[in-house]
Structures are given as structure tokens and as C-alpha cells.
Amino acid sequence: MGTKTADETGAETGAEATTDQEKVSVTKSADDAPQSATETGTESAAAAGADTDLDAENAENAENAADAEDLEDSEDDADLAGDLAEAEGPSGVGQGAAAVVSAALGLVSLTGGWIGTVAAARETLVGQLQTSSTASVAKQVKEVYGDAWATTALWAGLFALAALLTGVVVLARPAFGAPGKPQAPWIKSVAWAGVALGVIGLLLAVLKYSDALLGVPSTS
């Protein structure tokens with residue numbers, strides 16, 4: 001058997017040491033690899049979670065912006081509707097009131113009012129005071145009754161004329177207002193009623209005033 005020299009022994013020892021170091025390095029690399037993979041997965045998950053939170057926040061902001069825009073649009077529509085209502089309100093109310101007044105004046109012209117009654121009574125009193133007892137019967141009838149009836153017809157005709165003119169103004173009002181604003185149907189109906197009553201009352205007043213209708217009876 002040969003005896004190993006010191007160089008051979010040192011070489012073998014160095015080889016064994018190198019092998020052991022390589023094993024330790026491989027073991028450390030194997031231990032470090034899962035740790036790196038775990039850290040990478042954790043970072044990826046954290047990044048994904050951050051992206052999800054960012055997307056949710058963006059979606060919430062977009063939803064809030066949409067709600068705010070819808071609210072502003074609703075407020076604008078409400079303001080516009082209020083402005084239109086204010087613009088149309090006074091005009092519609094005034095026309096409706098005038099139409100009712102026209103119809104009321106037409107009724108007064110047909111049924112009589114306290115002004116016509118008082119005027120007729122006053123004319124009767126004046127006729128009695130100005131007519132002597134020695135006047136003819138025809139003159140007394142005319143002064144006491146005929147003039148009073150004519151006064152009643154005159155006041156009825158004035159009310160009828162007022163009803164007619166008021167109704168015509170109401171019906172013609174949309175032509176001089178803002179275009180595209182239709183008149184309420186009930187306003188037209190009441191205004192036409194006032195016009196019709198005014199025409200009838202005016203016709204009857206003219207006939208009575210001229211003694212063509214219910215004239216003073218003859219005394220001959």
C-alpha cells in the first residue's frame with residue numbers, strides 16, 4: 001500500500017469542503033426560492049387589492065357625479081317649470097276673470113240690475129213732478145211710464161255692450177300675446193257665453209228702447 005502524501009490529503013479535504021459548501025448553497029437557494037415566491041404572490045395580491053379599491057372608488061365617484069348631475073337637471077327643470085307657470089299664470093288668471101265678468105254683465109243686461117232699477121224709478125218720479133194733472137193721458141203715460149221703461153232699456157243695453165266688448169277682448173287676447181300659448185278651453189267657453197248674452201241683451205235693449213218690443217200702449 002502506498003502512503004498518501006500531504007498534498008493529496010489536502011486536496012481531498014479541499015474537495016470535500018467545496019462539496020459541503022455547494023450543498024449548503026443549494027440548500028439555501030432552495031429555502032430562499034419559496035420565500036421569494038411567497039413574497040411575490042403577496043405583493044401581487046396587494047397590488048390587485050389596491051387596483052380593486054381604486055376601481056371601486058372610481059365607480060363610486062362616477063355614481064356620485066351622475067347623481068349630482070341628475071339632481072341639477074331636476075332642479076333646472078323645476079325652475080323652468082316654475083318660470084313658465086309664473087309667465088302663464090297671471091295671463092291665464094286675468095283672461096279667466098275677464099271671461100267671468102263678461103258672462104255676469106250679460107246676465108245683468110237680461111235680468112236687470114239695481115242701477116237700472118234706481119234709474120227707472122228716478123225717471124218715473126221726474127215724470128210725475130214735471131207733468132201736471134191737467135196733461136193729457138198720453139203725455140202722462142209717456143212721461144211716467146214710457147221714459148222709465150226707456151231708461152231701463154238704456155242701462156240694460158249698456159251692460160250688454162260691456163259684456164260683448166269684454167268677451168271679444170278675451171277671445172282676441174291670445175292673438176296679441178306670446179305665440180304658442182293656447183287659451184284654456186273653459187276661458188273660451190265662458191267668454192263666448194258672455195258674448196252671446198251681450199248680443200242678446202243688446203238686441204233686446206234696442207228693441208225696447210225703440211218701442212219695437214213692449215212699446216207704450218196707445219191711449220186713443
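Which residues in helix 2 meet which residues in helix 3? The legends below take up that question, along with other views of this predicted model.

Figure 1. Let's begin with the overall picture before zooming in. The protein chain holds four helices and zero strands, and from the N terminus on its elements read α-α-α-α. Of the 220 residues in the chain, 19% are buried. If you look at contacts with a separation of 6 or more, 81% of them link residues 24 or more positions apart. The chain exposes about 15,100 Å², with 63% of that area supplied by carbon and sulfur atoms.

**Figure 2. Helix 2 against helix 3.** Here you can find the answer to the opening question. On the helix 2 side, the residues are Ile 115, Gly 116, Ala 119, Ala 120, Glu 123, Thr 124, Gly 127 and Gln 128. Their partners in helix 3 are Glu 143, Val 144, Asp 147, Ala 148, Thr 151, Thr 152, Trp 155 and Phe 159. Sorted by class, the residues of this contact are seven nonpolar, six polar and three charged.

**Figure 3. The geometry of the helix 2 and helix 3 pair.** Helix 2 spans residues 114–130 and helix 3 spans residues 137–172; their axes lie 8 Å apart, at an angle of about 155 degrees. Because angles over 145 degrees count as roughly antiparallel, helix 2 is roughly antiparallel to helix 3. The crossing of helix 2 past helix 3 is right-handed.

**Figure 4. Helix 3 against helix 4.** Now follow the chain on to helix 4, residues 185–209, whose axis comes within 7 Å of the axis of helix 3, with a crossing angle of roughly 155 degrees. That angle makes helix 3 roughly antiparallel to helix 4. Helix 3 passes helix 4 in a left-handed crossing, whereas helix 2 passes helix 3 in a right-handed one. The contact of helix 3 with helix 4 has 20 nonpolar, five polar and two charged residues.

Figure 5. Is Ser 102 buried or exposed? Its relative accessibility is 0%, so Ser 102 counts as buried. What is Ser 102 in contact with, leaving aside its neighbours within four places in sequence? With those neighbours set aside, Ser 102 is in contact with Ala 163, Thr 166, Gly 167, Ala 191, Gly 194 and Val 195.

Notes
Residues numbered from 1 in each chain as written. Predicted model: local features only at pLDDT ≥ 70, side-chain atom pairs only at ≥ 80, totals over all residues. Heavy atoms only, no water. Axes fitted to C-alpha atoms, helices over the stretch in contact; angles between N-to-C directions. Helix = DSSP H or I, 4+ residues; strand = E, 2+ residues; numbered from the N terminus. Parallel < 35°, antiparallel > 145°, perpendicular 65-115°, else oblique. Left-handed = near helix turned anticlockwise from the far one by under 90°. Contact = heavy atoms within 4.5 Å. Nonpolar A, V, L, I, M, F, W, Y, C, P; charged D, E, K, R; others polar. Buried < 20%, exposed > 50% of the residue type's maximum accessible area, 1.4 Å probe, protein only. Areas by Shrake-Rupley, 256 points an atom, 1.4 Å probe, with all protein chains shown as cover.
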